Amino acid sequence: MRPGLKKKTVREIMEAMEAIVEVKYSGKYGKIVTETDPLQRTIMEAFGVSLET
């Protein structure tokens, strides 16, 4: 387990991740994902998840 996640409960991890939003625009803009904070990036790294850029 990653050091930043060791003391987190499953509920805390799920709450941190629910703040990530993907917005899709028609036309030239495509999709935009909200900015992630350090905890969210740690969680995604731990589970092997990456955001498309």
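**Exercise 1. Is R11 buried or exposed, and what is its relative accessible area?**

Solution. 
Step 1. Know the source: this is a predicted model, where local features need pLDDT of at least 70, side-chain atom pairs count only at pLDDT 80 or more, and totals for chains, interfaces and linings use all residues. Residues are numbered from 1 along each chain as its sequence is written, and side-chain values use heavy atoms, with hydrogens and water left out.
Step 2. Recall the cut-offs: buried means under 20% relative accessible area, exposed means over 50%, and partly exposed is in between (1.4 Å probe, protein chains only).
Step 3. R11 has a relative accessible area of 64%, so R11 is exposed.

**Exercise 2. Describe the order of the elements and the overall exposure of the chain.**

Solution. 
Step 1. Helices (H or I, at least four residues) and strands (E, at least two) are DSSP runs, numbered from the N terminus.
Step 2. The protein chain holds two helices and two strands. Read from the N terminus, the order is α-β-β-α.
Step 3. Of the 53 residues, 13% are buried.
Step 4. The chain exposes about 4700 Å², and carbon and sulfur atoms supply 54% of that area. Accessible areas come from the Shrake-Rupley method with a 1.4 Å probe; for residues, only the protein chains shown count as cover.
Step 5. Now take contacts (heavy atoms within 4.5 Å). Among those with a separation of 6 or more, 38% join residues 24 or more positions apart.

**Exercise 3. How many salt bridges does a search of the whole structure find? Trace each one.**

Solution. 
Step 1. A salt bridge is a side-chain nitrogen of Lys or Arg within 4 Å of a carboxyl oxygen of Asp or Glu. Side chains of opposite charge can pair when their charged atoms come close.
Step 2. The search finds three.
Step 3. R11 pairs with E15, at 3.3 Å from N to O. Both sit in helix α1 (residues 10–17); they are four residues apart, so about one helical turn separates them. E15 is partly exposed, at 42% relative accessibility.
Step 4. E22 pairs with K24, at 3.9 Å from N to O. E22 is partly exposed at 42%, while K24 is exposed at 64%.
Step 5. E22 also meets K31, with the closest N and O atoms 3.4 Å apart. K31 is partly exposed, at 36%.
Step 6. Put together, E22, K24 and K31 form a network of salt bridges.

**Exercise 4. Which residues of α2 are buried, and what do they pack against?**

Solution. 
Step 1. The buried residues of α2 are Q40, I43 and M44. Seen down the helix axis, they fall within an arc of 95°, so they line one face of α2. The arc is that of the directions from the helix axis to the C-beta atoms.
Step 2. These buried residues pack against α1.
Step 3. On the other side of α2, P38 and E45 are exposed.
Step 4. Check the ends. At the N-terminal end, D37 caps α2: a side-chain oxygen lies 3.1 Å from the backbone nitrogen of L39. Just after α2, G48 has a positive phi of about 70°.

**Exercise 5. Which residues make the nonpolar surface patch of about 470 Å²?**

Solution. 
Step 1. Patches are made of residues with over 30% relative accessible area and no salt bridge; like charges are joined within 9 Å, and nonpolar side chains (Val, Leu, Ile, Met, Phe, Trp, Tyr) within 5 Å.
Step 2. The patch is made by V21, V23, Y25, Y29 and I32.
Step 3. Take V21, found in the loop between α1 and β1 (22–24). V21 is partly exposed, at 37% relative accessibility.

Notes
Polar contact = N/O pair within 3.5 Å; in protein donor to acceptor, adjacent residues only side chain to side chain.
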